[in-house]
Amino acid sequence: MKKQLFGGLCIAALMSACTSQVSDNEYRIEGTLTGVPDGVVIDLYKNEGNMGIRLQRDTLQEGKFMFRDTISSTERRVILVVEKDYPLYGLDVWVAPGQRVNIAGKDKFYPLWDVESDIPEQQEENRFKACAGGVFRHWLEYNIVEYAFIQEADSVRQTGDNASFKQAWAKVDSVRRLSRPLEVERAKREVECLRTAPLSPVWLNRLRNNAGLVQIARQMEDFAPFAVLGEPLQEIFTALPDSVRQSAEGKTIYGMLFPQKRVGVGDEMADAILYDTDGNEHRLAEFKGKYILLDFWEQGCVPCMESLPELEEVGDTYADCLAIVSVSIDPGDWWKKFVREKGLKGNQWNELRERGGTLAAAYGVIVFPYYVLIAPDGKVQDIWTGYTKGRLKKKLKENLK
């Protein structure tokens, strides 16, 4: 009897080992959570250029969730929990062929959940997460409140009531005044980690993220505190091997840390080679002698999408004197597909460069939508950002007199 029991246990153990094995051409992410209620929806994303593409979704049951898929190389994934009273901030998870990733957490602060695997990139990711310590958790607490206020403000914005929208957005600003010092402190700690951590894809991604904060700090008062990161990041970048600095990623980071001269109101317009969806080259100079409205946009920008009908309307209204050039910063394939599926009209162009490209950098584009109005003489007449219903009509009525 004992032999039969022993044999049964061996067979059960063997079967368990077999079913938990990960195939050589796939990855598996297994999560075990406590303190998180069943029914919470967990999403798995992949970044494509500046786009976040949702790959899978699972609902927490008995404290567990799982994702699996085929893969041919090591890649980064992002876990998001888009639920009320949860932070809006991704948890970076690296996956690789034949690898299992275990995630453990005990509360709603999912960006702090423990991620364990044998993947070197994940170990580097964990190193940087540890650098922030308790500052990150404290900031996430504010992030939950801020996200709720942003949703409230967005609902008001869609009504077109600009006065009420400003009042609603004032709540967001009030939270950010409290959370910003924590965010800056976290960034400072991360920069110190960059000084000692080895060069890796994770390292380079962290460098780029922080360089982006410095870039925004130059143009937005709300981000001004991040300017303190500029000098140490420049030092770190300068010390990199020439092969890294001259790579596509390196050149992008260089542009963030050592910006070219920005074109402003009253300056001669900046121009560059742009491409239509058929691959034909264009320049803004084609429209010199008319007003030119540059519309910098991306698919992930909700106000950009909401502005499309009004953008087409003002294009028809001022067709005799205004040329609208919509400059997408999306990756080429995603951009072409979107333009084709949505049937977008007019001058749909793209630099087909790394995020933003040289034209976007010249005009200081950091948020979307971003509008630049160029006068018939080729000089910049006005620059503004953001969209609420009726704003395009109002701005053009003020400028095209």
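Let me start with helix α10, which spans residues 332-342 in this predicted model, and where Trp335, Phe338 and Val339 are buried. These three residues cover an arc of only 95 degrees around the axis, which means that they sit on the same side of α10. As a general point, an α-helix has 3.6 residues a turn, so residues three or four places apart point the same way. If you turn to the other side of α10, you will find Asp333, Arg340 and Glu341, which are exposed.

What do the buried residues of α10 pack against? Their partners are the strands β9 (274-275), β11 (291-297), β12 (322-328) and β13 (347-350), together with helix α9 (302-317). Just after α10 comes Gly343, and this glycine takes a positive phi of about 65 degrees.

Now I would like to move to another part of the model, an open sheet of four strands in the order β3-β2-β5-β6, where the pairing is antiparallel. At the edges stand β3 (51-59) and β6 (91-95), and because each has a single partner strand, one side of each is left without a neighbour in the sheet. From one strand to the next, the twist averages 35 degrees.

Notes:
Residues are numbered from 1 along each chain as its sequence is written. This is a predicted model: local features need pLDDT of at least 70, side-chain atom pairs count only at pLDDT 80 or more; totals for chains, interfaces and linings use all residues. Side-chain values use heavy atoms; hydrogens and water are left out. Buried means under 20% relative accessible area, exposed over 50%, partly exposed in between (1.4 Å probe, protein chains only). Helices (H or I, at least four residues) and strands (E, at least two) are DSSP runs, numbered from the N terminus. The arc is that of the directions from the helix axis to the C-beta atoms. Contact means heavy atoms within 4.5 Å. Two strands pair if DSSP finds at least two bridges between them. Axes are lines fitted to C-alpha atoms, for helices over the stretch in contact, and angles run from 0 to 180 degrees between N-to-C directions.
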